[in-house]
Amino acid sequence: MKVNPLAGKPAQPAMLANISKLVAAYYTGMPDPSVPAQRVAFGTSGHRGSAFENSFNEWHVLAISQAICDYRTQQGINGPLFLGIDTHALSEPALTSALEVLAANGVDVMLADKDEYTPTPVISHAILTYNRGRDSGLADGIVITPSHNPPDSGGFKYNPPNGGPADKDITGWVETRANALLESKLKGVKRMSLEQARRAATTHRHDYLNAYVSDLGNVLDMDAIRGASLSLGVDPLGGAGVHYWGPIAERYGLNLTVVNEAVDPTFRFMTVDWDGQIRMDPSSIYAMQGLIELKDRFDIAFACDTDHDRHGIVTPGAGLLPPNHYLAVAIDYLFQHRPKWSKDAAVGKTVVSSQMIDRVTAKLGRNLYEVPVGFKWFVDGLHDGSLGFGGEESAGASFVRMDGSVWTTDKDGIVPALLSAEITARMGRDPGEIYSDLAREFGEPSYDRIEAPATPAQKEMLSKLSPQQVQITQLGGEKIDRVLDRAPANDAPIGGIKVVSASGWFAARPSGTEDIFKIYAESFRGEDHLRSLLSEAQTIVDRALADH
């Protein structure tokens, strides 16, 4: 992965998106359904694209919104729809388009008070809160966000009544219906004017912020955090939770400083990511340079991405913790400090997350639930309490309430961020120090992920790699134990391949949201061994691509 020379440095004026042109392109662009890149395509987190590339514009949003209305009708979902947006430039126009369709279809829409931005986990929390105890008239939701993607991106994702990301059966149905509407030039899309939609009897206001903030004491030990008088810092990275942190601090009496309250659709305050792109990724040392430079001002600091469904933890000693390190610490702490959780509650992880999690889980005497990439695989377990925790290597996680009942079934960046303060308060040591203890006990893994461009055809081919295509018997000098193309927990296809030996593994898979492929690798034998694993993985991928 070639790191751009500007990585980690402040964004240059030439990098900034022209927001006026972007919004104009949203309204004037017309996708060509015969071009695959311009069709509706749901990845691991909804449909994403850019108005500059005709992959996310008004036509897409109108078609998807109508498709969701049709799906609701087919499934008998007739409760309110909780609708939220993040701070990307295309989110506000997309909200307008969606509301015009939802209102015309008679859907009861819950908009945020004062048109506030709404984090992804807050929508999930609202759905689950409304549906608790109900078996009819169930609610669902839409979050308009491309997550941490660059400023010219837009995104649109649907959460059904279980509160989590829609599974492939649902997204496949919506995708097919939406593309049919595009092909018919939107014939069949019901729509009214924005003025009519805002005045409609079905359009309501909802206090998302206070409903979520007031409930945090049921999932975290806020008394312990307050009692420790920790100095906390948070960088919302200009995202949807920017106005949540002040009320959290005020309600729970926390010594918490919001280091950056700016909301700017160009995200000009960011330091650029590894590839020279502006990307609000709290797990990237390049994107997080602003907060890392402040690490000595705080006992613990944290950040969230644009829709606040991912977290990044910064400690004075370790700086930005790699996501896998913090997941291992969180799991180790939670399962020892949540006495009301079910003794059978398992630990959820994705196939590309660290084996340190496996070792910690075994020590705790808990079952490991290893699934393909995508948070949707944790939804049912978090919903019924059979999972206490679900996490993925890209810094997405959620866990159940103190009493073991469901909190959110989508990723929640806010709660894992605040958990780092609870851990520090209760243990007297920060998560970076605790991870060092785990590494001494279980071994110090070296982990890396590399990315490279891939065409849609190459991505399709990589997603279907089979064990038979792995023509090796050793990995990094060790006998191969397993070659997986399906996840151990649920036998679902992992959309790629994972090769495991005694002290290392690699996995190769295409991205679900970008035209790239990813190779993940981890070694418990050091950096040299890790580089060997990555090299061997790259050879296998290159051979597969050459055969295509």
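Visitor: What do strands E20 and E21 form, and how many residues lie between them?

Guide: E20 and E21 form a hairpin, with two residues between them. Strand E20 spans residues 493-501, and strand E21 spans residues 504-510. Strands are DSSP runs of E with at least two residues, and helices are runs of H or I with at least four, each numbered from the N terminus. This is a predicted model, in which local features need pLDDT of at least 70 and side-chain atom pairs count only at pLDDT 80 or more, while totals for chains, interfaces and linings use all residues. Residues are numbered from 1 along each chain as its sequence is written, and side-chain values use heavy atoms, with hydrogens and water left out.

Visitor: Which strand does E19 join, and in what sense do they run?

Guide: Strand E19 (residues 478-486) is joined to E20 by five bridges, and the two run antiparallel. Val-483 has Val-499 of E20 as its bridge partner. E19 and E20 also form a hairpin, here with six residues between them, and Asp-491 in the turn has a positive phi of about 60 degrees.

Visitor: Why is E20 described as largely enclosed by the rest of the structure?

Guide: A residue is buried if its relative accessible area is under 20%, exposed if over 50%, and partly exposed in between (1.4 Å probe, protein chains only). Seven of the nine residues of E20 are buried, so the strand is largely enclosed.

Visitor: Why is Ser-97 called buried?

Guide: Its relative accessible area is 0%, so it falls under the 20% limit. Ser-97 lies in helix H3 (residues 91-104).

Visitor: What makes the approach of Ser-97 and Glu-58 a polar contact?

Guide: A polar contact is a pair of N or O atoms within 3.5 Å; within protein, one must be able to donate a hydrogen and the other to accept it, and residues adjacent in sequence count only if both atoms are side-chain atoms. The side chains of Ser-97 and Glu-58 are joined by such a contact of 3.5 Å.

Visitor: Why does one side of E9 and of E12 have no neighbour in the sheet?

Guide: These strands belong to an open sheet of five, in the order E9-E8-E10-E11-E12, with mixed pairing. E9 (256-258) and E12 (319-320) stand at the edges with a single partner strand each, so one side of each is left without a neighbour. Elsewhere in that order, E8 (residues 232-235) and E10 (residues 300-304) run parallel and are joined by four bridges, with Leu-232 opposite Ile-300.

Conventions: Pairing = 2+ DSSP bridges.
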